[in-house]
Amino acid sequence: MRVFVDPDLCEGHSKCEKSAPAVFEVRDDDLSYVLLDPVPEEHREGVERAVRVCPRGAIAMTEDNE
Amino acid sequence: MTQLATPLDELNLNRADLFEQGQAHDVFRYLREHQPVHWNREGKRNVGFWNITKYEDVMFISRNPELFISSKDIGSAYPKDESEFDPETDDRGKHLIKMDPPRHVRVRRLVNKGFTPRAVNALEPHIREITNHILDDIEHKERTDFVLDVASQLPLAVICEMMGVPRKDWPYMFQLTNKVLGAADSEYQTDVPDEIRGTPEGAQETARQGMREMRQYFAAQLADRKGERKDDLLSLLVDSEDKGETLTDDEILWFAFLLIVAGNETTRNAISGGLHVLSEHPEQRKKLQDDMSLLPSAVEEILRWVSPVMHMARVATDDVEIRGTRIKKGERVVMWYPSVNRDEDIFADPYTFNITRDPNDHLAFGIGEHFCLGAGFARLELKVMFEELFRRFPDIQVDGEPERLRSNFIGGVKHLPVKLR
Ligand code: HEM
Ligand code: SF4
């Protein structure tokens, strides 16, 4: 899967980082960065949770076959 | 199981007294179980609307801001006759909370720099100082009104300092925000003729007075900053620019209005509600006071429990189905936060106040496009307030019944008598 954070929406609330620390990193500019591309399957649960809890709805996922 | 005194097709949530007496949770529980998407009959002056009481449905609505728009106002009450809007105080589409994408996305980017978690947390020492000044003022007392002397003072000070409102004007700001959001409560209808005091007309006129005066006030402040910049948000907004876009004077004035109102009336009630619920659950309170590192999680539980903002409304821009019920284009949906924050499908033991609840994905700040811009401030204010309060007044006790606000929008407490030691 691939994961994207929309910088126009993200405001650095860090919920993504807490849900999937290996995938997201919130840096000094208060923006979340995706660390892995593609994201290995083992992180699916964490990423799905991040998508759900992100207060701004800033995270999108695509599947490899899309 | 719960029974309702009113048949479902008569049930009307557009009524402040339902909430004043604190009966709302029985109603919400009943609706979640029997009719989670419920048609609220129209009133004499207001259109009907859908009551939305389940968590997943509020997620769906909030995550689709083009299908469910905010620019047709965000309260449950909406007049059948649009001519009831008064041009001077009609703020639909004028500030963030009543604006839709794509404009909303642009304006939010112009104003959000000072509100990100990092920016807010840098202010912690200052917020602690303000908190201690507030507590100094009650140090010598035995008893006090916790809402007036403590809970309302911190958000007021923080927001006024942020906007650069001089200290002498803070009580005036307090009065105006009460008029805008507490308009339905006759306690705040201080400047209307006796004949309409306590009526819907009295409420409407009170809210309009508050809005007009606040706009005038900030127009003068803005003119002042244009002459000479200061170290405050108002000055920053004048110079704010993102990808070549700037804010107009009108946009700045409306944003100032929104911030003062949204920042004051909500956090105040989370603080008062927090002390109240902790006092009602002495074992949870003891657990917290024995280990204050539990506070961040306790703050989340307070927010879930109190849900200081009770609803936000949207209007559907197309026909859409929610939980098998057809919502027609142009119809209004009202999302009830106190209900979704006790949704049995999401929260284990939702009626248990548990300061170590995990996970706790409450929606007290909404979610998505309009997610509360001030959430970082609210969380920090709550944390610092309870740290300092319990440090200085570890034995503070609620000493009487809270007096609730008459409103179906803000879950408010007007007065809360406490014994300080
Ligand atoms: C415990 C305290 C608070 C609660 C429960 C709360 C709740 C909310 C909710 C539910 C919304 C979402 C509206 C929607 O989805 O339509 C919102 C939006 C907003 N809040 Fe708060 N709020 C609180 C404190 C604050 C503070 C302290 C500020 C200012 C410093 C603030 C400023 C705003 C603004 C500007 C918006 C509009 C955001 C937008 O539409 O993009 N709030 N708030
Ligand atoms: S949770 Fe959402 S808003 Fe917060 S940092 Fe992550 S992507 Fe950004």
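Trainee: By class, how many nonpolar, polar and charged residues does the shell around ligand 2 have?

Mentor: The shell has 6 nonpolar, 4 polar and 2 charged residues. Here Ala, Val, Leu, Ile, Met, Phe, Trp, Tyr, Cys and Pro are nonpolar, Asp, Glu, Lys and Arg are charged, and the others, Gly among them, are polar. This is a predicted model, in which local features need pLDDT of at least 70 and side-chain atom pairs pLDDT 80 or more, while totals for chains, interfaces and linings use all residues; side-chain values use heavy atoms, without hydrogens or water. Residues are numbered from 1 along each chain as its sequence is written, with chains lettered from A and ligands numbered from 1 in the order in which they are written.

Trainee: Which residues surround ligand 2?

Mentor: Ligand 2 is surrounded by A:Cys10, A:Glu11, A:Gly12, A:His13, A:Ser14, A:Lys15, A:Cys16, A:Val26, A:Ser32, A:Cys54, A:Pro55 and A:Ile59 (a heavy atom within 4 Å of the ligand).

Trainee: Turning to ligand 1, what donor does the protein give its iron atom?

Mentor: The iron atom has a single protein donor, B:Cys372 (SG), 2.3 Å away. Donors are N, O and S atoms within 2.8 Å of the metal (3.2 Å for Na, K and Ca), and water is not among the atoms, so sites may look incomplete.

Trainee: Where does B:Cys372 lie?

Mentor: B:Cys372 is in the loop of chain B between helix H15 (337-340) and helix H16 (375-392). Helices (H or I, at least four residues) and strands (E, at least two) are DSSP runs numbered from the N terminus.

Trainee: Now helix H12. Is B:Phe257 buried or exposed?

Mentor: B:Phe257, in helix H12 (residues 249-280) of chain B, is buried because its relative accessible area is 5% (buried is under 20%, exposed over 50%, partly exposed in between, with a 1.4 Å probe and protein chains only).

Trainee: What does B:Phe257 touch?

Mentor: Not counting residues up to four places away in sequence, B:Phe257 touches B:Asp91, B:His95, B:Val180, B:Met211 and B:Met214 (heavy atoms within 4.5 Å). B:Arg215 is 42 residues from B:Phe257 in sequence and 6.8 Å away in space, C-alpha to C-alpha.

Trainee: And B:His276, buried or exposed?

Mentor: B:His276, also found in helix H12 of chain B, counts as buried because its relative accessibility is 14%. Leaving aside neighbours within four places in sequence, B:His276 is in contact with B:Val398, B:Pro402, B:Arg404 and B:Leu416.

Trainee: Why does B:Pro102 count as exposed?

Mentor: B:Pro102 counts as exposed because its relative accessibility is 57%. B:Pro102 lies in the loop between strand E3 (68-69) and helix H4 (103-111) of chain B.
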